Amino acid sequence: MTEEMPKLEYCQKMNRKLIIAVTSAVVLLSVCILVWFATAEGGPVLLSPPYFRLKNMYGEPFKHGWGIDLPGFGPTLRFTDIQAHTLKPANVSHSDGHMKLEDGRIAFYADGGGRCLEAIKAAENSALNANICSDNELQKWE
């Protein structure tokens, strides 16, 4: 029994060291990735146009910029409560992020085809939806 105890203690010490080493490596890798994104010139390659992107980064940490985004993806895609969202990089699915100014309306393409950005009411800070494109004045943008 006395011989078993030192083996058990040795294994426990080695397991702790392994856990500490793996945790340290993950933290270091995460920090390196964040530094790389923060210092990369121009940021990553973004989704293909057309899309809207705010000129100011407003604290967006990955240098992608903010754009208009339909919430959800695939079966969870919604056309209500449109949001500002970090622009997606080119290497992920982005068929819900394409739109362009067309005849004074912001028209969605791909997953949002046939829909236009529409304010719920003509007031500051109004929520936005992506309703079927129409002559509704709440779909007019400058």
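A cavity is a set of points, on a 1 Å grid over the protein atoms alone, where a 1.4 Å probe fits but cannot get out. A pocket is an open set with protein on both sides within 12 Å along at least five of seven lines. Lining residues have an atom within 4 Å of a point. Grid points are joined across faces, edges and corners, and a volume is the space filled by probe spheres set on the points. Rolling a probe the size of a water molecule over the atoms shows where empty space is left.

This is a predicted model, in which local features need pLDDT of at least 70, side-chain atom pairs count only at pLDDT 80 or more, and totals for chains, interfaces and linings use all residues. Residues are numbered from 1 along each chain as its sequence is written, and side-chain values use heavy atoms, with hydrogens and water left out.

## Overall build

The protein has 1 helix and 6 strands. Helices (H or I, at least four residues) and strands (E, at least two) are DSSP runs, numbered from the N terminus. The order from the N terminus is α-β-β-β-β-β-β.

Of the 142 residues, 23% are buried. Buried means under 20% relative accessible area, exposed over 50%, and partly exposed in between (1.4 Å probe, protein chains only). The accessible surface comes to about 9,900 Å². Carbon and sulfur atoms hold 63% of that surface. These areas come from the Shrake-Rupley method with a 1.4 Å probe; for residues, only the protein chains shown count as cover.

Contact means heavy atoms within 4.5 Å. Take the contacts between residues at least 6 apart in sequence: 38% of them join residues at least 24 apart.

| Space | Volume | Lining by class |
|---|---|---|
| Largest pocket | about 200 Å³ | 8 nonpolar, 2 polar, 1 charged |
| Second largest pocket | about 170 Å³ | 6 nonpolar, 2 polar, 4 charged |
| Largest cavity | about 50 Å³ | 3 nonpolar, 3 polar, 2 charged |

In these classes, Ala, Val, Leu, Ile, Met, Phe, Trp, Tyr, Cys and Pro count as nonpolar, Asp, Glu, Lys and Arg as charged, and the others, Gly among them, as polar.

The largest pocket is lined by Phe52, Arg53, Leu54, Trp66, Gly67, Ile68, Ile82, Gln83, Ala84, Leu117 and Leu128. The largest share, 3 residues, comes from β1.

The second largest pocket has Ala119, Lys121, Asn125, Leu128 and Trp141 among its lining residues.

The whole structure holds 1 cavity of 30 Å³ or more. Around the largest cavity stand Leu47, Ile68, Asp69, His85, Thr86, Leu87, Lys88 and Gly97. Here too, β1 and β2 each supply at least two lining residues.

## The nonpolar core

A nonpolar core is a set of buried Ala, Val, Leu, Ile, Met, Phe, Trp, Tyr and Cys residues joined through side-chain atoms within 4.5 Å. Which residues make up the largest one? There are 9 in all: Ile68, Leu70, Leu77, Ile82, Met99, Ile106, Phe108, Leu117 and Ala130.

Phe108 is in contact with Ile68, Leu70, His98, Met99, Gly113, Gly114, Arg115, Cys116, Leu117 and Ala130, leaving aside neighbours within four places in sequence.

Tyr51 and Phe108 are 57 residues apart in sequence and 8.9 Å apart in space, C-alpha to C-alpha. Tyr51 lies in the loop between α1 and β1. Tyr51 is partly exposed, at 25% relative accessibility. Not counting residues up to four places away in sequence, Tyr51 touches Leu46, Leu87, Gly97 and Met99.

## Backbone exceptions

Most residues other than glycine have a negative phi, and most peptide bonds are trans.

The peptide bond from Pro49 to Pro50 is cis, with omega near 5°. Pro50 lies in the loop between α1 (4-39) and β1.

Asp103 has a positive phi, near 55°. Asp103 sits in the loop between β3 (99-102) and β4 (105-108). Is Asp103 buried or exposed? Asp103 is exposed, with a relative accessible area of 66%.

Asn125 has a positive phi of about 65°, although Asn125 is not a glycine. The loop between β5 (115-119) and β6 (128-132) holds Asn125. At 76% relative accessibility, Asn125 counts as exposed.
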